[in-house]
Amino acid sequence: MAKVRVKEELVYPGSFACPGCGLMMAFRHVLRVLGRNTAVVTTAGCGSVVAGSYPQTISKVPFFHCSFGTAASTAAGLKAGYDMMGKRSINVLAWAGDGGTFDIGLQSLSGAAERNEDIIYVCYDNEAYMNTGVQRSSGTPMGAWTTTTPRESLEDRPKKKMAAIMAAHEIPYIATASVSYPEDLDRKIRKAKGIKGFRFIHIIVPCPTGWLYPASETVRLGREAVLSRIFPLFEIMAGKKYRLSPMGAKTPVREYLVSQGRFKGLSEKDISLIQEKVDEYWSELEELAARSRESHS
Amino acid sequence: MSAKESIAPPMAAAKMPASPNKTGAWRFERPILEDRLAPCSEACPLGENIPAIMSLNSRGAFKEAYGEIRKENPFPGICGKICFHPCERVCNRGRFDEPVSIQELEFLVTVLSRDGVSGIEERHGPSLQRVAVIGGDIAGLSCAYFLRLLGYTVTILEPGARLRVFDLPTKGSDLNTKYLESDVKSVLDIGIDLRIRTTPEAIYYHQLVKEFQAVYVSPGAVDSEAREFLKGPDVYSVYNAIEVERMIRDGNPLPLRGKVAVTGSAREALKTAMSVKAIGGEPVVLVPFFPDDLEHMAEDLEDAERKGVSLKFGSAPFALSERDGRISGLACFKAGKGRFLEAKRRGPESEQTGSFEQRAEAVIIASPEKTGVNLMPPILQETGLVVVFPDRFPRARSRKLGKEKDLSRAVVRHMSEGKQAALSLDLCLRKRPFEEIYSVAVGRLGALSFEAYKMNHPHRYQRPLGNVVRAADLNPAYFKKAPRIKPSSPENGLTRRQGVLSARRCFQCGRCNSCQTCYQYCPDLAISVEPETGRPEIDYDHCKGCGICFKECPRGAISLQRE
Ligand SMILES: Cc1ncc(C[n+]2csc(CCOP(=O)(O)OP(=O)(O)O)c2C)c(N)n1
Ligand code: SF4
Ligand code: SF4
Ligand SMILES: [Mg+2]
C-alpha cells in the first residue's frame with residue numbers, strides 16, 4: 001500500500017465500539033478527509049452509540065444526533081441553517097447505517113437527493129440492524145443469518161441496490177467504497193468534498209459481532225467483498241456515468257462466504273446461486289461502465 | 001437578527017473527549033511491534049541483515065548497502081560471486097513467485113561501491129591490545145577484520161611470500177582474481193598490519209608472547225606452521241582423533257597417560273578411545289546421546305565398556321576447561337534427552353540440565369564436523385597469551401580449503417569461522433563467559449551478528465528463537481507478482497536500474513518499513529505514527545486487541561501475545 005499522508009485525526013480513541021469494528025475505521029477516514037470544517041448528523045444506530053454517550057464524544061467536530069431515519073433531512077436542515085448564518089463552506093455529513101438508509105431513512109433520503117441538497121450522505125453498511133441486535137435490513141445479503149432470518153429461514157431476498165436507487169435521482173456523485181481500501185475511500189471522499197449538491201457514498205463496513213467472524217478479519221473480509229465483487233466498487237457521475245474501481249482480479253465468492261458465521265450452513269447450491277447473482281450484477285456494471293466510456297469519448 | 005447570533009435551540013452538548021475510557025482493559029491479546037528475523041538473514045552464514053540491505057538498494061543507496069553488508073561480511077565481492085546463497089533458497093518471496101536476487105545484488109553493490117569501512121571502533125578496554133593472526137587465509141583475514149573493527153591492533157603473520165588466501169583456485173571457478181584481490185585489499189585497508197615471510201621463530205610461543213596479548217591460529221595454519229608455535233610451553237594437550245590414530249600408527253610417543261576425555265561422533269570417539277586404551281591411557285568418552293539413541297551400536301558400546309573405556313551418556317562438551325595454564329578437561333552440559341543438537345546451538349539456557357567438568361590430562365576430539373558440536377575454541381591462558389584456534393578445530397579438512405570440492409561452502413564457512421573466533425577472543429580478553437556469544441546468534445542456524453555484538457546490547461538481533469518470519473506470516477494481499485529480473489549477461493550482472501527493481505521485490509520480512517498499514521486500519525486510533533521516523537506506536541490504553549494490525553501487517557512485523 002502506498003503512503004497515505006498522516007493528517008489530523010478528528011476522532012478520539014476510547015469509543016465503545018466492538019474490537020475490530022469496521023464502522024469506526026470508516027468514520028475515522030471520512031472525517032479525516034473532510035477535515036475540521038465539518039458537522040456530522042447521525043441517526044440511531046451503532047454509529048451514534050459508538051460516538052459516545054453524554055457528556056463524552058469521540059468526535060472533534062460538531063456531531064448532531066437526530067431521530068432514526070431522518071439523517072438526510074436533518075443534514076439538509078443543518079446545511080440550510082449554516083448557509084443562513086453565512087457559514088457556507090461547512091461540509092455537512094449525514095452518517096447513517098444501512099437500516100437508517102435502505103429502509104426507514106429512504107423517504108427522507110430520496111427527498112433530500114431529489115432536491116439535490118448540498119450535503120454528503122455516507123451510508124456505513126454493516127448489512128443489518130446491528131445496534132439493536134442483528135436484525136435483517138434490506139441491505140442484508142441473500143443467504144445471511146440474522147436474528148430475524150434465523151437458520152431455518154435465511155435471508156432469501158437479494159441486497160437492495162441502493163446505488164441504482166440513488167442514480168435514479170441523478171445526483172452529481174455516487175460512490176461505493178470499502179474500509180479495506182483506504183486510499184480509494186479517501187480519494188472518493190475527497191472527490192465528493194469538491195462537488196456541490198447531493199453526494200452519496202456507500203461504504204461496506206464488516207462487523208465481527210453481526211457477521212460472526214474473528215475481529216482480526218475485518219480488513220480481510222472488506223477486501224474479499226470487493227475482490228469477489230459481492231460488494232463492487234464503482235462511481236456514478238450525474239446518475240449516468242459509471243466508472244468501476246476494481247481492486248484486483250475477480251475471485252470466487254465462496255472464500256468470502258465461508259469465512260463468516262452468518263453464512264454457515266449454506267449449501268453448494270446456495271453458494272452457486274449467490275455467485276450467479278454476483279456475476280450478473282458485475283456484468284451489468286461492466287456494461288454500464290463500458291457504455292459510459294463510449295458515450296463520453 | 002445578525003447572522004453571527006446563535007440560532008440553535010438550547011440542547012445538551014457533549015464536549016468531553018472519550019479518550020479517558022481505557023478500552024485497553026478489554027484486550028486479551030496484545031499486539032507487539034517488534035522486528036522479527038527474516039529467513040534469509042538466518043540462513044546467511046554471516047547473518048547479514050538482508051532486509052535492511054534490500055531497503056537501501058531499493059532506494060539506489062548502493063554505497064550504504066555496501067557498508068551494511070560489510071558490517072557482517074568482510075568479503076562481499078567474493079560472496080557476490082561464489083557464495084552458495086542459502087539465503088535465496090529460503091527467501092519467502094520464493095514461495096510467492098521467485099526469490100529475491102540477493103546474491104546478484106551483493107555483487108552489484110560491491111562493483112558500484114568499493115571503499116573501505118570507515119570508523120574503527122575504539123573500545124575502551126582492549127583497544128591497546130595487540131593480536132596476532134597466524135595465517136592469512138579467509139578465516140584469518142575475517143578474524144583480523146572483525147578484531148580490527150573491535151579496536152584491536154592486528155598483525156597477520158604469514159610465513160609464505162604472499163597471503164595464502166591467494167592460493168584459492170581462481171581458475172575454473174567463479175572466484176575472479178580481481179574481486180578476490182580487491183576484497184582482500186579492502187580488508188587490509190582498515191588498518192591491519194601484514195608481515196609476510198615470517199620466520200618459524202617468529203611464531204614461536206616465546207616470541208609471540210613478547211609482543212601480543214592474543215593469537216588466532218587460522219585453520220590453514222593449524223596443521224602446519226602452528227605446530228612450530230605450539231612447541232612452546234607444554235600446554236597443548238588437545239588432539240584431533242585422526243592425528244592421534246596417525247601418530248599411534250606411526251609409533252610416535254603420545255603423552256596420553258592418565259584420564260583422556262574423548263568426544264565427537266559416538267562411533268569415531270569409541271574407536272579412538274579403544275586406541276588410547278591400547279597405549280595405556282584411561283579414556284572417558286563423552287556422548288551427548290543416551291543408549292536409547294544409540295541402539296544401532298549397542299554391541300560396540302558393550303565391547304568398549306568391557307575393555308575398560310568409560311562412557312558418559314548425556315554429556316555435551318561445550319568448552320575446554322583450563323587450570324593453571326593447562327588444559328584441565330572439558331566443560332560439559334548435562335544434556336536433556338532428545339533434541340541435543342538444538343539445545344547445543346541455543347546455548348546454555350536451553351534444554352540442558354546443568355553442567356559439570358570432566359577432568360582430563362588430554363582431550364581428543366573425534367570428527368567434530370560431523371557432530372555439529374560447536375566446541376569452544378581452546379583458550380590457553382598461560383602467561384597471559386590467549387590462544388584461539390579455529391572453531392571445531394582441529395579439522396583435517398581445514399588445511400585443504402582450496403582443494404575442497406565445494407569451494408563455495410568452504411570459503412563462506414571460513415568467513416563465519418573467522419568472525420566467531422574474533423568474538424570468542426574478544427570475550428576471552430574481556431574475561432566474559434563464552435556463552436555470551438549465543439546472545440548474538442542470528443536465528444538458530446549458527447550465524448553470528450557482529451553488529452549486534454558490537455552494539456553491546458544486541459536487542460536488534462536478539463529475537464526469540466523460532467521467531468523467524470515464514471511465508472505464512474506475511475500478508476500476500478499487499479504484494480504483486482513480479483518475476484525476478486535476469487541480468488543480460490551473467491558476467492556483467494545486473495545494471496543499476498535492474499538492481500533497484502530487484503531490491504524492490506524484497507518483502508522486507510519482519511522489518512517494519514513504516515508502510516503505515518497498521519495505522520490506517522486500527523479502528524480504535526490506538527496506533528499513531530512517529531512523525532520523524534514513520535514508525536508506528538501502539539497505545540495500549542486504547543488498543544482493544546482486535547488483532548487487525550497483526551493480521552494486516554504485510555511483513556509480519558507485529559506479533560500477538562496473550563495478555
Ligand atoms: C424511530 C426508531 N425506530 C427504531 C429505533 C431503534 N433502533 C435504534 S438503532 C436501530 C438499528 C439501526 O440499524 P442501522 O441503521 O443499520 O445501524 P447499525 O446499528 O447497524 O449501525 C434501531 C432499529 C429507533 N431508535 N428509532
Ligand atoms: S523477501 Fe526479502 S526479507 Fe524476505 S526472505 Fe526474501 S530477501 Fe529476505
Ligand atoms: S504494517 Fe507497516 S508500519 Fe505497521 S508494523 Fe507492519 S511494516 Fe510497520
Ligand atoms: Mg446496520
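Colleague: Which residue stands opposite A:Ile120 in β5(A)?

Modeller: A:Leu93 does. This is a predicted model, where local features need pLDDT of at least 70, side-chain atom pairs count only at pLDDT 80 or more, and totals for chains, interfaces and linings use all residues. Residues are numbered from 1 along each chain as its sequence is written, chains are lettered from A and ligands numbered from 1 in the order in which they are written, and side-chain values use heavy atoms, with hydrogens and water left out.

Colleague: Which strands pair with β5(A)?

Modeller: Strands are DSSP runs (E, at least two residues), numbered from the N terminus. Two strands pair if DSSP finds at least two bridges between them. Strand β4 of chain A, residues 91–97, pairs with β5(A) in the parallel sense over five bridges. Strand β7 of chain A, residues 199–204, runs parallel to β5(A), with six bridges. There, A:Tyr124 has A:Ile203 as its bridge partner.

Colleague: Are the residues of β5(A) buried or exposed?

Modeller: Buried means under 20% relative accessible area (1.4 Å probe, protein chains only). In a regular strand, side chains alternate between the two faces of the sheet. Here A:Ile120, A:Val122 and A:Tyr124 are buried on one side, and A:Tyr121, A:Cys123 and A:Asp125 on the other. Six of the six residues are buried, so β5(A) is largely enclosed by the rest of the structure.

Colleague: What surrounds ligand 1?

Modeller: A residue counts as near if one of its heavy atoms lies within 4 Å. 15 residues surround ligand 1, and A:Tyr124 is among the closest. A backbone N or O atom of A:Gly99 lies 2.8 Å from a ligand 1 oxygen atom.

Technical notes: Buried < 20%, exposed > 50% of the residue type's maximum accessible area, 1.4 Å probe, protein only. Helix = DSSP H or I, 4+ residues; strand = E, 2+ residues; numbered from the N terminus. Polar contact = N/O pair within 3.5 Å; in protein donor to acceptor, adjacent residues only side chain to side chain.
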